[in-house]
Amino acid sequence: MEARRHAEVAGGGFAGLTAGIALAKAGWSVRLHEQNDELRDFGAGILLWRNAMLALEVIGVAPAIRAHGVVPDVYATSLNGEMFPPELGGYPYWAITRPKLHELLSQAARDAGVEVVTGSEAVGADPAGALLLADGTRLAADLVVGADGAGSAVRNSLPALAQERKKYQDGVCRVLVPRPAEFAGPEWNRVIDFWTLEPDAMRILFITTGPDTVYMGMMASTANERASRIPIDPEIWGERFPHLKAVVDLAAEATGGRHDAYQTNRVTPWSSGRAVVVGDAAHAMCPALGQGASVGIVNAVELAHTLGQFDDIDEALAAWEAKERAMTDAAQARSAYMAETRTLARGNGFTSEVMETANFVLDAATPAQIALYPVPEANR
Ligand code: FAD
Ligand code: 5PR
């Protein structure tokens, strides 16, 4: 019998946890290193599209997401108070709070036998097969997975990985607020994308995350300093969106909010010898399509699946990248285009071309799993 293959994973975000679960379920022994003292996600809410749900189905986490998340009934867009026809009715996508998604993945990782080490900082990888830690430890592995986010130390330590980084003007404040009574009716069980473009673009993306909470993504140019502040400035947002005053005031009181400027990084190739990068370490993208985590989750599950199809790890890594690269590049390019042109402000943004990422089906998914997530005719 062959010895059990061993992976060292750097990073306990959505991508690292997913890779850890998928590898452990495929029979690998897995140790995961998180630099923080506990495993948790900061932040508000997240949309998980069909592509991510299928990947989470493969690793057995999707039923819990369906139980704890909600399906927004439509995605509606409003520009200067004018509502466009709603989109995505009947589309299988879920909204959930980030802490809940992180908790479900952390639990699944432990259940799958992943050894989680907190307070453990990676500083790099050796392509010969070792993870290097800040305390000087060198951990040999058949595979090192860098899932340590957009600022990835693992990636930056690998000279073979070329990187193009880009920063954008826009940024977004993300907060989770308790749902006030006037936003509790069924007509608010949806995503509503409220835009104003004059004198500058300010936008509130209202996303239901269940009966008790609402996720608010509040986007503005970083040049608009008052609109880029945490805590939220209730005056500047309230003036622009008077009909949302109740939730804006709650956003101003919310704790745990954060502001991020849009940034992307394109890395080629995704691996060097026995070291590979997944998630934002490999492909951070503009949030315009809400696909960053979803694509990372898909690629992490597909990585473990492809490794199972080859005896040779180098061959598997090449085959994996060949399968995922076009979809990932397209998602990055489309998100950047949607963000830069503010195409979503005019409604009807979820064209069939844009939906290609959300509709992507990973190889690992079975026909029965795929059948659980039918795509409405209008979104194919
Ligand atoms: P991260 O979440 O950055 O996790 C990296 C982990 O590694 C962290 O726990 C970190 O502490 C740890 N770490 C870092 N360095 C080290 C080190 N050296 N050693 C050990 N540990 C380390 N995506 C969606 O799919 N849907 C959405 O609706 C969505 N909305 C978004 C909205 C905004 C405004 C933004 C900015 C992004 C959004 N995304 C969305 C994208 C999504 O948030 C990211 O793509 C995703 O969180 C990346 O996960 P990750 O695990 O790759 O990286
Ligand atoms: N979609 C989602 C999101 O969280 C953001 C955007 C689009 C789900 C950021 O709040 O375009 O900024 C966006």
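Which helices and strands each supply at least two residues of the shell around ligand 1? I found α1 (14–25), β2 (29–34), β3 (45–48), β12 (162–178) and α9 (292–307). Helices (H or I, at least four residues) and strands (E, at least two) are DSSP runs, numbered from the N terminus. The largest share, three residues, comes from α9.

Ground rules before going on. This is a predicted model, where local features need pLDDT of at least 70 and side-chain atom pairs count only at pLDDT 80 or more, while totals for chains, interfaces and linings use all residues. Residues are numbered from 1 along each chain as its sequence is written, chains are lettered from A and ligands numbered from 1 in the order in which they are written, and side-chain values use heavy atoms, with hydrogens and water left out.

**Ligand 1.** I looked up who sits around it (near means a heavy atom within 4 Å). Of the 30 residues there, Glu-34, Arg-98, Asp-280, Gly-290 and Ser-294 come nearest. By class I get 11 nonpolar, 13 polar and six charged residues in the shell. (Ala, Val, Leu, Ile, Met, Phe, Trp, Tyr, Cys and Pro count as nonpolar, Asp, Glu, Lys and Arg as charged, the others, Gly among them, as polar.)

Next, polar contacts (pairs of N or O atoms within 3.5 Å). A polar side-chain atom of Glu-34 is 2.6 Å from an oxygen atom of ligand 1. The backbone takes part too: a polar backbone atom of Gly-290 lies 2.7 Å from a ligand nitrogen atom, and one of Ser-294 lies 2.8 Å from a ligand oxygen atom. On its own, ligand 1 has 1,000 Å² of accessible area (Shrake-Rupley, 1.4 Å probe), and the protein covers 85% of that.

**Sheet.** I traced seven strands in an open, mixed sheet, ordered β5-β4-β13-β14-β15-β12-β16. Pairing here takes at least two DSSP bridges between two strands. β5 (82–83) and β16 (258–268) are at the edges with a single partner strand each, so one side of each has no neighbour in the sheet. β12 and β16 run antiparallel, joined by 10 bridges. I also noted Arg-174 opposite Arg-258 in β16.

**Cavities.** I used a 1 Å grid over the protein atoms alone, where a cavity is a set of points that a 1.4 Å probe fits but cannot leave, and lining residues have an atom within 4 Å of a point. Two cavities of 30 Å³ or more turned up. Trp-49 and Phe-350 are among them.

Definitions and conventions. 1 Å grid on protein atoms, 1.4 Å probe; cavity = no way out; pocket = protein on both sides within 12 Å on 5 of 7 lines; lining within 4 Å. Points joined across faces, edges and corners; volume = space filled by probe spheres on them. Polar contact = N/O pair within 3.5 Å; in protein donor to acceptor, adjacent residues only side chain to side chain.
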